Amino acid sequence: MSILNTEQHETFRQKVRAFAEKEIKPLASQLDENETFSVELAKKMGQEGLFGIDIPKEYGGQGMDTLSYIIAVEELARVDSSQAATMCAHNSLGLAPLYNFGTEEQRQKYVPMLTSGEGLWAFGLTEVNAGSDAQGVETIAEENGDHWLINGSKRYITNGSNELMKGVTVLAVTNGENGKKRFSTILVDRDSEGFQTKRMLGKMMWRASDTAELKFTNIKAPKEQLLGKKDKGLGQMLKTLDSGRLSIAAMGLGLAQGAFEMAMEYSKKRVQFGKAIAEYQATSFKLADMALKLELGRNTLYNACKLKDAGKPFGKEAAMAKLYCSDIAKEISDEAIQIFSGQGLLKSSAIERFYRDQRILQIGEGTSEILRIVISKHLGLV
Ligand SMILES: Cc1cc2nc3c(=O)[nH]c(=O)nc-3n(C[C@H](O)[C@H](O)[C@H](O)COP(=O)(O)OP(=O)(O)OC[C@H]3O[C@@H](n4cnc5c(N)ncnc54)[C@H](O)[C@@H]3O)c2cc1C
């Protein structure tokens, strides 16, 4: 327990942990092996109140703080990153921009449906020529009478193709008056004519999560589907990513915690040269280093959450938390494999899945290189 969280946070953690242990853990390995996105589990997460934890109750959320949401992400990632990814993307990329920048009509139309688990919502920034550089977006939305005419494509979109997916917030070019490239976000319903989606299979990690390619061909989205103000899309995206980075940090922390616990347990049971390998300093120092990194990661992340909840700037701290927690997920899962050795390399060991799942955390929602640029900017260096 850290001084940054309360008894209520810990009670909530135990509740989410019990859900993750009972409903997710027994299925995680098989869903990963078969690349199955589980509609049932997604619905259960919604029913459990894991969608919209920090959204007010009048919209069907739980009305809790950012730290509660982050603790829930941590607890899912402690057993399975794929389900944590589904939950995280839906909360921080799907629901959050809709709630934060939406009109009252848009909130009423979408948020209650998305907090209940009835539907999932995706967020489409990434394209073939727009990854780290959001300004490379080529999907275009032209004003045409009472609607936007949208053409283009997106790739790597989480929750983009499963049967619960109801639509996507699309970052598109909306050219400004002087012909300058400007960007806006538009809510595109899945049942729009001209909307195509295809699941991307064959990932090394998050294999039970839904990652999709989207294609928009002459989609007519009513004018009132614009999210926030015209030409302000990039700013919205950057704000969304600041919070999204807290989610990815929590995924790193939770995964690292799970890997640490597995390594602890195994090291006490595995006997070589007449004693448990935990009794060799070579092993206990590894575990001590892991515990230290978890402590530092947790404090950094929880501090960033506290800043956000206090309405203070938290962009630098979120970038630091994401960078650090994704790094320790890599280091701790790697050292855990070293402790398991041969057994850790087999698919029958959960640690093998953890080792693969951590790899995206240094890439999604800002690569580690981009995060260093973000931190440097906050230091006044760029
Ligand atoms: C499973 C999965 C789920 C995802 N979910 C979503 C989603 O829901 N919505 C969405 O919009 N996107 C999503 N993404 C996309 C993800 O955010 C991008 O993959 C990420 O932003 C990196 O973009 P890229 O892969 O095109 O890499 P690139 O931008 O091409 O980067 C390649 C390399 O170049 C480096 N680089 C680039 N620019 C610089 C620079 N200026 N200085 C130094 N180094 C640089 C990068 O750090 C990296 O090492 C997802 C991706 C995956 C794999």
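# Domains, ligand shell and helix packing

Q: How far apart are the centres of domain 1 and domain 2?
A: Their centres, taken over C-alpha atoms, are 22 Å apart. Domain bounds here come from an automatic or database domain assignment.

Q: What kind of model, and how are residues numbered?
A: This is a predicted model: local features need pLDDT of at least 70, side-chain atom pairs count only at pLDDT 80 or more, and totals for chains, interfaces and linings use all residues. Residues are numbered from 1 along each chain as its sequence is written.

Q: Which domains are assigned?
A: Domain 1 (7-120), domain 2 (122-232) and domain 3 (234-378).

Q: How many residues does each side give to the contact of domain 1 with domain 2?
A: Domain 1 gives 24 residues and domain 2 gives 20. Contact means C-beta atoms, placed from the backbone, within 7 Å.

Q: Which elements of domain 1 give two or more residues to that side?
A: Helix 1 (7-34), helix 2 (39-47), helix 4 (81-101) and helix 5 (104-115). Helices (H or I, at least four residues) and strands (E, at least two) are DSSP runs, numbered from the N terminus.

Q: Which one gives the most?
A: Helix 4, with 11 residues.

Q: Switching to the ligand. Which residues come nearest?
A: Leu125, Gly131, Ser132, Thr367 and Glu369, of the 22 residues around the ligand. Near means a C-beta atom, placed from the backbone, within 6 Å.

Q: Which elements supply at least two residues of the shell?
A: Helix 4, strand 1 (120-124), strand 3 (147-158) and helix 10 (368-378) each do. Domain 2 and domain 3 each supply at least three residues of the shell.

Q: Now helix packing. At what angle do helix 1 and helix 3 pack?
A: About 30°, with the axes of helix 1 and helix 3 (residues 66-77) 9 Å apart. Axes are lines fitted to C-alpha atoms, for helices over the stretch in contact, and angles run from 0 to 180 degrees between N-to-C directions.

Q: Parallel or antiparallel?
A: That angle makes helix 1 roughly parallel to helix 3. Under 35 degrees counts as roughly parallel, over 145 as roughly antiparallel, 65 to 115 as roughly perpendicular and the rest as oblique.

Q: And how do helix 7 and helix 8 cross?
A: Helix 7 (residues 281-309) and helix 8 (residues 315-340) cross at roughly 160°, and their axes come within 9 Å. Helix 7 and helix 8 are therefore roughly antiparallel.

Q: Which residues of helix 7 meet helix 8?
A: Among them are Thr283, Met290, Gly297 and Leu307.

Terms used
Contact = placed C-beta atoms within 7 Å.
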